[in-house]
Amino acid sequence: MGKYKTLWWTLIAVLGVTFALLGYFGVEVYRKAPPIPDQVITESGETLMTETSILDGQTAWQSVGGMQLGSIWGHGAYQAPDWTADWLHRELLAWLELASEETYGVPYDQLDGREQNALRYELKQAYRRNTWDAATDTLVVSERRARAMAMTADYYSRLFGGDPALQPTRENYAMKEITLADEARREQMTHFFFWTAWAASTERYPGEATYTNNWPHEPLIDNKPTAENIVWSIASVVLLIAGVGGLIWGWAFLRKEGEEEPDAPARDPLTTFELTASQRSLGKYLLAVVGLFTLQVFLGGFVAHYTVEGQGFYGIQTSDWLPYSLVRTWHIQAAMFWIATGFLAAGLFLAPIINGGKDPKYQKLGVDILFWALILVVVGSFVGNFLAINQLMPAEWSFMLGHQGYEYVDLGRFWQILKVGGIAFWLVLMMRGIAPALRQGGDKHLLVLLTASVVAIGLFYGAGLAYGERTHISIMEYWRWWVVHLWVEGFFEVFATTALAFIFCSMGLVSRTMATAAALASASLFMLGGVPGTFHHLYFSGTTTPVMAVGATFSALEVVPLVVLGYEAWENWRLKFRAPWMRNIKWPLYFFVAVAFWNMLGAGVFGFMINPPISLYYLQGLNTTPTHAHAALFGVYGFLALGFVLLVLRYIRPRLVFNEKLMKTAFWWLNGGLVLMLFTSLLPVGIFQFVGSASEGLWYARSEAFLQQPILVTLRWVRTLGDVVFIVGAVAVTWQVVKGVFFPDAPETAGLSKAAKQGSPALAGGDAMLAEAPEADSVCCGQCGGNT
């Protein structure tokens with residue numbers, strides 16, 4: 001390991017410890033998941049539901065969009081209620097009404113305070129006491145509770161079944177008129193809703209917290225934050241401060257004075273070789289990225305409009321075939337596809353460079369096959385989503401071919417398996433270029449780290465196959481967050497950092513030593529908080545206090561490396577002054593600067609806003625979560641993918657000069673639109689909801705009455721401004737990529753200075769760049785910094 005020995009051992013130790021924690025407490029999730037009773041019976045012995053009917057209800061819920069229509073345990077969409085909190089509150093109110101009539105002969109609201117308090121005390125005892133018998137695997141409920149359950153179930157059956165009396169409610173919840181036509185499946189779905197509410201209201205052990213750690217906030221039965229919640233929240237803040245302080249001290253005292261920057265080569269080393277066939281074929285990948293990006297942006301505007309006009313689009317009734325749950329599914333899945341494709345394209349561009357400027361045999365064929373496989377998965381999964389949510393697909397096919405029901409992994413399992421296969425095939429294509437380079441001499445540490453991140457991306461998406469259609473939802477959540485958090489926020493982050501370091505090193509702009517050390521240190525910091533930090537998504541998903549403790553502790557450390565991203569942004573920014581030819585990739589650099597900014601704000605500030613347990617207790621399931629999601633997912637990974645696209649485009653179309661007007665519009669309108677979206681709509685709505693959740697309960701913050709207040713309706717309308725600004729930016733960057741792919745030979749010099757024109761190979765010599773290219777076997781691969 002040589003001079004990087006300490007950094008490598010640090011990274012290996014971090015990965016060993018953090019994955020051990022993730023695995024050990026993952027076993028805890030399996031062992032301590034809330035029980036699904038074999039049967040639920042009344043005190044008189046009447047069977048109300050069974051484990052089979054509860055799991056059948058889970059599949060019914062999945063088939064109508066699952067987490068894309070309301071949420072369960074706080075995870076999912078935000079327009080309809082959280083079904084757990086809503087069911088629990090409705091059942092509690094029904095119980096109080098029944099108890100009042102039976103005890104006093106009058107409605108509950110006609111009782112005086114003393115009488116209401118007496119019934120409230122009885123209610124708390126009835127609901128928090130655990131009546132599940134582990135020996136017989138039977139849950140026993142009182143006759144009164146059974147009647148309250150029946151009243152609540154009847155409401156949900158009518159809501160999802162198209163009862164005309166509830167049409168205004170469905171419109172406010174952005175539900176299609178007949179969401180689930182099969183009456184038997186609606187009944188099964190109410191069994192699943194009941195079970196999630198039972199787990200959220202029943203103490204795991206006598207006198208302790210419920211299975212969901214007292215979430216959601218529900219004053220009627222004294223669901224409030226636990227002492228452990230408060231303790232670990234304070235601990236997370238202390239650790240954050242300690243981590244930031246430690247990083248600053250380490251930066252000041254332990255960081256060695258960097259070696260002098262190498263002299264920038266007179267010519268961009270990445271242009272000193274002929275493009276390979278596989279690199280030339282990447283244009284279609286770039287078109288796919290911006291095509292899916294544009295589709296996603298317009299779908300996002302459609303989804304946002306559904307929050308104010310729940311069943312239509314400016315008077316056009318669209319929910320019959322394109323309901324909110326479907327459009328939101330496509331919106332999120334399109335994002336996952338185009339961002340991943342941008343990263344895959346960057347990797348495929350680098351593979352021949354790593355291989356000495358040559359394609360391995362049949363590399364272009366492999367790149368073409370992978371592209372069309374991607375298109376097949378996108379189209380097939382979108383069609384499957386449409387057929388499932390519109391109930392046009394047999395119920396037994398829904399999970400496999402239609403809709404899994406889980407946010408970010410909504411695509412049917414068949415399409416998910418194909419996607420796993422596609423990513424694995426990408427890994428093979430990458431390794432065919434990397435393996436020969438690894439066998440050569442010289443400093444290969446940066447390449448080894450890049451290889452490790454490529455392997456992790458290729459393999460860890462497969463964690464999404466670890467659960468099935470009828471897997472316990474707590475266990476499913478554990479594996480789902482392996483994909484959403486660990487795969488995306490962890491290994492993609494390491495790949496991006498290492499790939500950029502490799503690119504800038506190959507350009508001769510930074511030394512290999514500095515690039516390698518920075519990439520290894522960054523990987524350790526990202527993984528230290530990122531791997532066990534996965535548990536901060538599972539505080540209230542049927543897990544125990546140790547899971548909360550680990551998640552709170554390490555998720556605080558996730559924020560620590562983000563405090564120095566301003567320095568990273570400055571480093572990326574100043575690269576454009578290192579050589580005249582760097583002006584040709586000015587706009588990709590701008591996008592990388594934006595990544596650092598949004599990483600700090602979106603992932604750091606907005607992420608920590610909802611990470612401590614006490615914070616998430618009140619904020620889970622509110623618009624504070626999409627505030628973080630939009631700023632982090634697009635702000636970080638979206639800008640990063642677009643930066644990769646622009647960078648690859650610039651090299652596979654050597655004569656291209658970016659249109660300054662288009663790119664300024666794209667960059668500033670995308671950033672401006674995102675700022676407006678967050679600060680004029682999503683965050684203010686989330687803050688209003690936070691007050692409602694803390695004062696009355698989650699059910700209230702997500703209720704029809706609360707969300708339809710004039711001020712909140714106005715705030716959701718205001719989002720239109722930000723959406724329009726963002727759409728303009730998206731169209732601008734898309735048009736630039738389209739022009740670059742199809743019309744690269746007509747350089748656009750508007751806005752370019754004389755120096756920029758002189759520094760541009762496309763303007764300073766047209767075909768000279770290619771004409772002067774050496775033979776393929778003399779290509780620069782970064783070993784010499786581009787100076788020979």
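Visitor: Which residue does Glu 28 meet in a salt bridge?

Guide: Let's start in helix H1, which covers residues 5–32 of this predicted model. Side chains of opposite charge can pair when their charged atoms come close. Here the N to O distance is 2.6 Å, and the partner of Glu 28 is Arg 31.

Visitor: How many residues apart are Glu 28 and Arg 31 in helix H1?

Guide: An α-helix has 3.6 residues a turn, so residues three or four places apart point the same way. Glu 28 and Arg 31 are separated by about one helical turn, because their spacing in H1 is three residues.

Visitor: Is Arg 31 buried or exposed?

Guide: Good one to check with numbers! Arg 31 has a relative accessible area of 54%, and the cut-off to pass is over 50%. Arg 31 is therefore exposed.

Visitor: Which helix holds the salt-bridge partner of Arg 144?

Guide: The side chain of Arg 144 meets that of Glu 122, at 3.2 Å from N to O. This pair links distant parts of the chain, 22 residues apart: Arg 144 is in helix H5 (residues 143–161), while Glu 122 is in helix H4 (residues 113–128). Glu 122 and Arg 144 also belong to a network of salt bridges with Glu 102 and Arg 147. The helix you asked for, the one with Glu 122, is H4.

Visitor: Where is Asp 222, the residue that forms a salt bridge with Lys 124?

Guide: The closest N and O atoms of Lys 124 and Asp 222 are 3.0 Å apart. Lys 124 sits in helix H4, and 98 residues separate the two partners. Asp 222 lies in the loop between H7 and helix H8.

Visitor: What distance separates the end C-alpha atoms of helix H7?

Guide: Helix H7 runs through residues 183–201, which makes 19 residues. At 1.5 Å a residue, H7 should span 27 Å. The distance in the model agrees with that expectation, so the value is 27 Å.

Visitor: How many of the residues of H7 are buried?

Guide: A residue counts as buried when its relative accessible area is under 20%. By that rule H7 is mostly covered, and of its 19 residues the buried ones number 15.

Visitor: Which residue has a side-chain oxygen that reaches the backbone nitrogen of Ala 184?

Guide: Look at the start of H7. The oxygen comes to within 2.9 Å of that nitrogen, and it belongs to Asp 182.

Conventions. Residues numbered from 1 in each chain as written. Predicted model: local features only at pLDDT ≥ 70, side-chain atom pairs only at ≥ 80, totals over all residues. Heavy atoms only, no water. Helix = DSSP H or I, 4+ residues; strand = E, 2+ residues; numbered from the N terminus. Expected span 1.5 Å × (residues − 1). Buried < 20%, exposed > 50% of the residue type's maximum accessible area, 1.4 Å probe, protein only. Polar contact = N/O pair within 3.5 Å; in protein donor to acceptor, adjacent residues only side chain to side chain. Salt bridge = Lys/Arg side-chain N within 4 Å of Asp/Glu carboxyl O.
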